[in-house]
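Visitor: I'd like to walk through this protein with you. Can we start with a single residue and work outwards?

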Amino acid sequence: RRMKLILNILVILFFLRVGIKKSNAQNIRNSDKPNIIVIFTDDHGYADLGIQGQLDDIKTPHVDAMAEAGVRITAGYVTAPQCTPSRAGLLTGRYQQRFGLDENGTIPLPLDEVLIPSRLKEAGYTTGMTGKWHLEPNHIEKIWIKENMPELVGKKLKPKDIPFSKKLAYMPSERGFDDCFQGEMNGYWVNYDLNGNSIEKQHIIDRRFRVDVQTEAALTFIDRNHDKPFFFYLSYFGPHVPLEATKKYLNRFPEEMPERRRYALAMLSAIDDGVGAVRSSLEKYGILDNTIIFFISDNGAPLKINKEDLPISFRGGAWDGSLNDPYIGEKGMLSEGGIRVPYIISWPKKLPKGKIYNRPVSSLDVAATSIAVAGLSKSKQLDGVNIIPFLEGKKNGDPHDALYWRFWSQGAILEGDMKYLKAGRREFLFNITSDEHEKRNLIDKYPELASKLKNKLQKWVNELHSPGLEEKQIRERSWYNYYFKKK
């Protein structure tokens, strides 16, 4: 009897110890490293969130609720007014001009650049992505083709002319992402299925509405990895053209409006539903409070100046239906309409609720912030900063001494409230915090300040992979003639 009692006590102690260990592990999981989700929309203008308060036709209740539970940043910027360089800046945390990826059609994201997921894996994170990648070699990247496939130089190329074997090393599955469901429209490069199973890397076809598929891939990742720290890049391909939406979303916008606007609103409504579903999934698993969610657009909307309501079937470059109000300009420009974007960050456990933050931050800050909250030391290579202390109110002043841009024959610097912009030989100075923002050029009023900022910009561009600024304005001329008419 005594032996049986001792055995029973030992069994009870064993299970108590296991329970305590399990409880401690769960406490560590819940209180230690936060999950990180980066939601990156595509050609999504500043105006197009309900909480921005610019337009009445947009319906984004889930993103608005996330902003009300977190921080809405009114001066959030990306590093380029175009898809590929903007994504390269976000995922490396470095100005992409430092490694020669200034614009679409030059090179893919170089293989020696370290991305956020690779850094976070050092801190024990599981990583994943879905949606648009746009950082692998393609048929218009002349510099890469000349160096890697010289036999194609001078030929008229199609996407299929770059074999997948040449792209593979550049794909997200080889760049630090454990789980991949990468694809823009109907074709996806995956290593897990939407039932939650790991599978061999392969191409699959899913002909359903792309936004819904990308949301489902994100939810599946959360189901697979909710019990460990994770980083997920949800790169929605919307509202970028070609425009598409299902009746479920289109029926939410029965009002009279341009058809391209209706489709943009429908696509953004689908994205908004996706944000709501992601937050609900996190809440179901008890991890919403300790999950950081960034919501950012990759650049401003392409208005094509006149916002022509071309047929939805039109497959070329066109207005995508999104809007940049109240800012001037559009995708491709270094005016505010091209680079100032929706920017929200939510972290219920740490960040204040419903805060509006008005100082300039950058998409570069996603990498630096992620690395900091994961407990890693910041690399000296990074150009961003950890913005959490600024959003908490623990640090004063601006996160950045200055933000810089160079794109085509444009260059710009933002220091404090003042922005110097050079487009070819035309020069501007704006107070971007004033009601006039870029409607009034202050360069004649403050010539010494403009000269100081110009010199600072020149110093920065001289440090880049290809130094200097172009003087001859070609590609942007029609935009600047329209938006900044000479008086």
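**One residue, then the whole**

Guide: Pro61 counts as exposed because its relative accessibility is 51%. Buried means under 20% relative accessible area, exposed over 50%, and partly exposed in between, with a 1.4 Å probe and protein chains only. This is a predicted model: local features need pLDDT of at least 70, side-chain atom pairs count only at pLDDT 80 or more, and totals for chains, interfaces and linings use all residues. Residues are numbered from 1 along each chain as its sequence is written, and side-chain values use heavy atoms, with hydrogens and water left out.

Visitor: Where is the place of Pro61?

Guide: Pro61 is in helix α2. Helices (H or I, at least four residues) and strands (E, at least two) are DSSP runs, numbered from the N terminus.

Visitor: How far apart are Pro61 and Asp273 in space?

Guide: They are 8.5 Å apart, C-alpha to C-alpha. In sequence, 212 residues separate Pro61 and Asp273.

Visitor: Which residues of helix α2 are buried?

Guide: Val63, Asp64, Met66 and Ala67, in a helix that runs over residues 61–68. They cover an arc of only 160° around the axis, which puts them on the same side of α2. The arc is that of the directions from the helix axis to the C-beta atoms.

Visitor: Why do residues three or four places apart point the same way in an α-helix?

Guide: An α-helix has 3.6 residues a turn, so residues at that spacing point the same way.

Visitor: What do the buried residues of α2 pack against?

Guide: They pack against β2 (71–73), α9 (259–284), β9 (291–297) and β10 (343–346). Contact means heavy atoms within 4.5 Å.

Visitor: New topic. How many residues of helix α11 are buried?

Guide: Eight of the nine in α11 (residues 365–373) are buried, so this helix is largely enclosed by the rest of the structure. Among them are Asp365, Thr369 and Val373.

Visitor: What follows α11?

Guide: Gly375 does, and its phi is positive, near 90°.

Visitor: Now zoom out. How many helices and strands are there in the protein?

Guide: The protein has 14 helices and 16 strands. Its radius of gyration is 24 Å, close to the 23 Å that the globule rule gives for 487 residues, so the protein is as compact as a globular protein of that length. The radius is taken over C-alpha atoms, and the rule is 2.2 Å times the number of residues to the power 0.38.

Visitor: What share of the residues is buried?

Guide: Buried residues make up 58% of the 487.
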